[in-house]
Amino acid sequence: MRKVKIFDTTLRDGEQTPGVNLSIEEKLTIAKNLEELNVDIIEAGFAIASQADFDAIKEVAKTIKKCKVASLARATEKDIDRAWDAVKEAKYPRIHTFIATSDIHMKYKLKMSEDEVYNQAVEMVKYAKSKGCEVQFSCEDASRTRPEFLYRVLEGVIDAGAIVVNIPDTVGFTYPEEFYEIVKGIKENVPNIDKAEIAVHCHNDLGLATANALAAIRAGAAQIECTVNGLGERAGNTAIEELAMTLKVRPEGYGVECGINHSKIYHVSKTVSKLTGVDIQPNKAVVGDNAFAHESGIHQHGVLENSSTYEIMTPESIGRAKNKLVFGKHSGKHAFKDKLIELGYELSEEKIDDIFKKFKKLTDIKKEILDEDIESLALGGLRTVEKSYDLTSFNITRIPGHTTQAEVKMVAKSEIRTAIAEGDGPVSAVYNAINTITGCKNCTLKDYSIKSITSASDAQGEARVEVEIDGKVYIGKGIKTDIIEASAVAYIDAINRSLINVNK
Ligand SMILES: CC(=O)SCCNC(=O)CCNC(=O)[C@H](O)C(C)(C)COP(=O)(O)OP(=O)(O)OC[C@H]1O[C@@H](n2cnc3c(N)ncnc32)[C@H](O)[C@@H]1OP(=O)(O)O
Ligand SMILES: CC(C)C(=O)C(=O)O
Ligand SMILES: [Mg+2]
């Protein structure tokens, strides 16, 4: 199988992500991760940009042994001198010099003619070559460059000694079919193209960076420039994890391999996210939190039977933990039952049906149901008693400077009854109203506590009460997202228990 080389520019274009500023130590950590990932070339920075950038490239160059180490340089002697000083101690050093070749960039930015740009490109490649290392040349904004001029520049820089010619889609303007034609056109129209490798560097302004890189591979590109998590200027670059997994999952599509150590992908992605401070969007392909999560019942059922029903690659193949089933309003009973078993609850079908109904009700008020929620539902389901009384609804009114009033509606022995009562606070007002409805005259609250079962603002609260009724103490429990409701349910639970004499 043909091999494409991976040129990683996380430390250079990736660091151009707004807000990202990596220290030398952080860059070194990322470089070591990239070496383990088995990329071919690490672009460690832009040496002229700052002393810190220069020092970081130097450290990376001294440390990394398995990959080539490159520094970016404008097509000027001072940039090239600085780049060379930074990379010269690398086992395999490379100078990457560039100049823009599109009409827009030449006219407005460089204020140079085609001939001036051509001459500067050729002269600076010769100058970089004189340092005695590999030279890569990029035509910045190549995809918007007049094709004849692009071919002329490429022929000139290859004659001057560039062994890699890079075709950047600098502004992410191209679409895949067009990019394929650009690379094909270069192969067909640059007479000495067989003396250099074609590289591509795609930006993601239209979300096409990976698709464009793949189209270029099909057209014969030999080196692909990528970044971890797709970091980079503006919308970023081709994401290394997307490219590597596409080539692995669909080898028949491109017939190439890239040598990436797939099992390291997740770890490297997490490391880069942590060090750069750029979070990975949850639905990011391959490495996002949701990439192997299944929320809907039909999907969960399929995945439980065989994960290949809804997963085209295994999470383990990129070094992630097994897929996770996310429980929410779209979840189904198969997955729910499986989760109960995983949590250690072997329940009858009838109980599972009952708990599942409560679970569905809970999803109306809670977005993501955690293991702890399911556990509490299961435990609540285990702890059942005939409900002579049940809460229907309640309403609290607070009058500043006065007591709190509660209006409580309940099913009381098959009848609907309502009572209004006052109390020092909402819980005591509700309890007084419950006493009125149930006729519980000798009910004394002996102990009351509330704790949160899960974290986050939509967490469930568990209320626990000890109520003395006619000289005996009964424990009641209630679990709800509303703590007043949990308190009411717990109190009613204790009263129901007193009726069947379920003792403490
Ligand atoms: C497509 C890309 O991603 S290219 C890489 C982009 N990355 C960066 O720019 C990050 C690092 N950059 C920097 O630290 C600074 O821009 C530096 C040190 C490179 C230059 O800083 P300054 O001297 O202040 O120049 P400034 O950035 O304002 O302008 C760029 C200058 O380089 C020139 N220039 C731009 N590209 C090239 C090139 N490839 N070759 C030669 N000259 C170039 C511009 O015409 C402009 O020249 P001028 O100062 O004579 O007008
Ligand atoms: C310097 C070049 C390769 C670049 O980053 C771009 O054109 O996007
Ligand atoms: Mg770029």
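The shell around ligand 1 holds seven nonpolar, three polar and five charged residues. Here Ala, Val, Leu, Ile, Met, Phe, Trp, Tyr, Cys and Pro count as nonpolar, Asp, Glu, Lys and Arg as charged, and the others, Gly among them, as polar.

This is a predicted model: local features need pLDDT of at least 70, side-chain atom pairs count only at pLDDT 80 or more, and totals for chains, interfaces and linings use all residues. Residues are numbered from 1 along each chain as its sequence is written, while chains are lettered from A and ligands numbered from 1 in the order in which they are written.

**Exercise 1.** Find the closest residues around ligand 1, and the elements that give two or more residues to its shell.

*Solution.* Step one: take the shell. A residue is near a molecule or strand if its C-beta atom, placed from the backbone, lies within 6 Å of it. Around ligand 1 there are 15 residues, and F46, A49, R74, A75 and I99 are the closest.
Step two: look for elements. Helices (H or I, at least four residues) and strands (E, at least two) are DSSP runs, numbered from the N terminus. Two or more residues come from each of β5 (93-100) and α4 (103-110).

**Exercise 2.** List the residues around ligand 2 and sort them by class.

*Solution.* Step one: the list is D13, L72, F98, S138, E140, N166, P168, T170, H201 and H203. Strands β6 (134-140) and β7 (164-169) are the elements that give two or more of them.
Step two: sort. Three are nonpolar, five polar and two charged.
Step three: turn to the record. An unreviewed UniProt entry annotates D13, H201, H203 and N237 as "binding site". UniProt positions are given in the numbering used here, feature names are shortened, and annotations may be inferred rather than shown by experiment. These annotated residues spread over 225 residues of sequence, yet they cluster in space, with a largest C-alpha distance of 10.1 Å. H201 lies in strand β8 (residues 197-202).

**Exercise 3.** In what order do the three strands of the open sheet lie, and which are the edge strands?

*Solution.* Step one: the order is β13-β14-β15, with antiparallel pairing. Two strands pair if DSSP finds at least two bridges between them.
Step two: find the edges. β13 (389-398) and β15 (415-423) each pair on one side only.
Neighbouring strands are turned by 15° on average, direction ignored.
Step four: check one pair. β14 (residues 404-412) and β15 share nine bridges in the antiparallel sense. M410 stands opposite R417 in β15.

**Exercise 4.** Describe how α7 packs on α8, then how α16 packs on α17.

*Solution.* Step one: α7 (residues 176-189) meets α8 (residues 209-219) at about 35°, with axes 8 Å apart. Axes are lines fitted to C-alpha atoms, for helices over the stretch in contact, and angles run from 0 to 180 degrees between N-to-C directions. The crossing is right-handed. A crossing is left-handed if the near helix is turned anticlockwise from the far one by less than a right angle, and right-handed if clockwise.
Step two: this contact has eight nonpolar, one polar and three charged residues.
Step three: α16 (residues 426-438) and α17 (residues 483-500) pack at about 35°, with axes 10 Å apart. α16 passes α17 in a right-handed crossing. Their contact divides into ten nonpolar, two polar and no charged residues.
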